[in-house]
Amino acid sequence: MANNQTADTFLKGLWKENPVFVHLLGMCPTLAVTNSVPNAIAMGLASTFVLVMSSLLVSLLRHLIPKQVRIASFIMIIATFVTVAEYLIQAVSIEIHKSLGAFISLIVVNCMILGRAESFASKHAPGLSMLDALGTGLGFTIALFCMGAVREVIGAGTFAGIPVWGPHYQPWVIMILPGGGFFVLGLLLLLVNAWNERMKRLKAQEESLVAVEDN
Amino acid sequence: MSQNNKGSRMILTLGLIATISGVLIVLSYQLTLPTILQNKARLVQQAALEVIPGAVSLQADSINNLHFFRGLDAQQNSVGLAVETQGQGFADVIRVIYGVSLDRKQMIGFKVLESKETPGLGDKIEKDTAFLQNFNALDLTHDLEVVKNGKKTHAWQIDGITGATISSKAVGSLLQRSIHKELTQIPVGGAHGK
């Protein structure tokens, strides 16, 4: 029972409560830095790092922070880890830092991070909070990766820089531009929602069959 | 009285978090500083090679505390200089490196190293091919002038970017200042490291 709850805390961030496809949080980086796979993964991992560390610290301090200053405290903590993440990114790959540019600093205002801090980390133990943050962050990274893969393959003809289609491919450049970001996001949301609807329908059918059988 | 308690608790908590933040930031800054400086130096060297067409290797040099690069071809002859400079842009400081021909009469290359200009507008100074082309053969014998996009008539003029006037003009003035204050310190002539 406890194990199920723990597993669920982690897994829900990946699909059922995916921050991008279900909660529609963090739209700004989702649209802005998914024009290539390395950018998308780097942004996803950076956000996950900030999310996990902030959730941890918020959870550790949750009994100390008075309600009236909780938003200010959360923001301070998140901003700190974004600064740390920025230094780490510069040290690991200064090229990625250049291509992500201003959007690393914008991780501070990614609603997903403040949202998890306010709704989960401030009310649960550090271990559980870190799991929740990890699941949400990975869900975010996966969503960004899907966006990045589609946009780069169609919009530039490459996957992480490796040409995919061959020399005669005419890239559909709009896919790398902001317009393309909206198109791809809309399509992915359509697919995710269609799948979820189908699953719900199948489950409802199954349950009504079971009910008939019981009767 | 309980109001005071609440107030002081808030102040204490915020103070504690601020202290933790400070420690974390300073620690990570100090730990990553050597690596970051190395990475930045590598980027500058790569850029220096790019802004001196024909250069295959670099020779770092300095004069009066001004650091610059000589670009050398395969025969170790100097084919140009690269000077790093910076100046205030629209948002923050813009760091650039530019290449100059041996006789100092022409700018032969330009690259933005660091800028915090507005994404989509000012940051075009980094990528807009038409803007960057201005610097492939920029006449340095005359004062530089940034003109409206499309109005360039002389080789010392720079076609500005529509929608990024301030950033374009900032680039023009920081280059102008560097050419007159920094480039002039480097003596002309110089094959074989002289």
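Predicted model: local features only at pLDDT ≥ 70, side-chain atom pairs only at ≥ 80, totals over all residues.
**Entry 1: helix α7(A)**

I started with α7(A), which has 30 residues and reaches 42 Å from its first C-alpha to its last, close to the 44 Å expected at 1.5 Å a residue. The expected span of a helix is 1.5 Å times one less than its number of residues. Helices here are DSSP runs of H or I with at least four residues, strands are E runs with at least two, and both are numbered from the N terminus. After α7(A) I found A:Gly157, with a positive phi near 75 degrees.

Residues are numbered from 1 along each chain as its sequence is written, chains are lettered from A and ligands numbered from 1 in the order in which they are written, and side-chain values use heavy atoms, leaving out hydrogens and water.

**Entry 2: aromatic pairs**

I searched the whole structure and got five aromatic pairs over all chains. Rings of Phe, Tyr and Trp (its six-membered ring) pair if their centres lie within 6.5 Å; planes under 30 degrees apart are stacked, over 60 edge-to-face, and the rest tilted. A:Phe145 and A:Phe159 are edge-to-face, at 6.2 Å centre to centre and 85 degrees between the planes. A:Phe145 sits in helix α7 and A:Phe159 in strand β1 of chain A, so this pair ties together parts 14 residues apart in sequence.

I also looked at A:Trp165 and A:Tyr169, a stacked pair with 5.2 Å between centres and 25 degrees between planes. A:Trp165 is partly exposed at 47% relative accessible area, and A:Tyr169 is partly exposed at 26% (buried is under 20%, exposed over 50%, partly exposed in between, with a 1.4 Å probe and protein chains only). In chain B, ring pairs join B:Phe110, B:Phe131 and B:Phe135 into a cluster.

**Entry 3: salt bridges**

I count twelve salt bridges over all chains, each a side-chain nitrogen of Lys or Arg within 4 Å of a carboxyl oxygen of Asp or Glu. A:Glu118 pairs with A:Arg70, the closest N and O atoms being 2.9 Å apart. That pair links helix α6 to helix α4 of chain A, 48 residues apart.

Next came B:Lys40 and B:Glu114, at 3.5 Å between the closest N and O atoms. B:Lys40 lies in helix α1 and B:Glu114 in strand β5 of chain B, so the bridge ties together parts 74 residues apart in sequence. I then saw that B:Lys40, B:Glu84, B:Arg95 and B:Glu114 are linked in a salt-bridge network.
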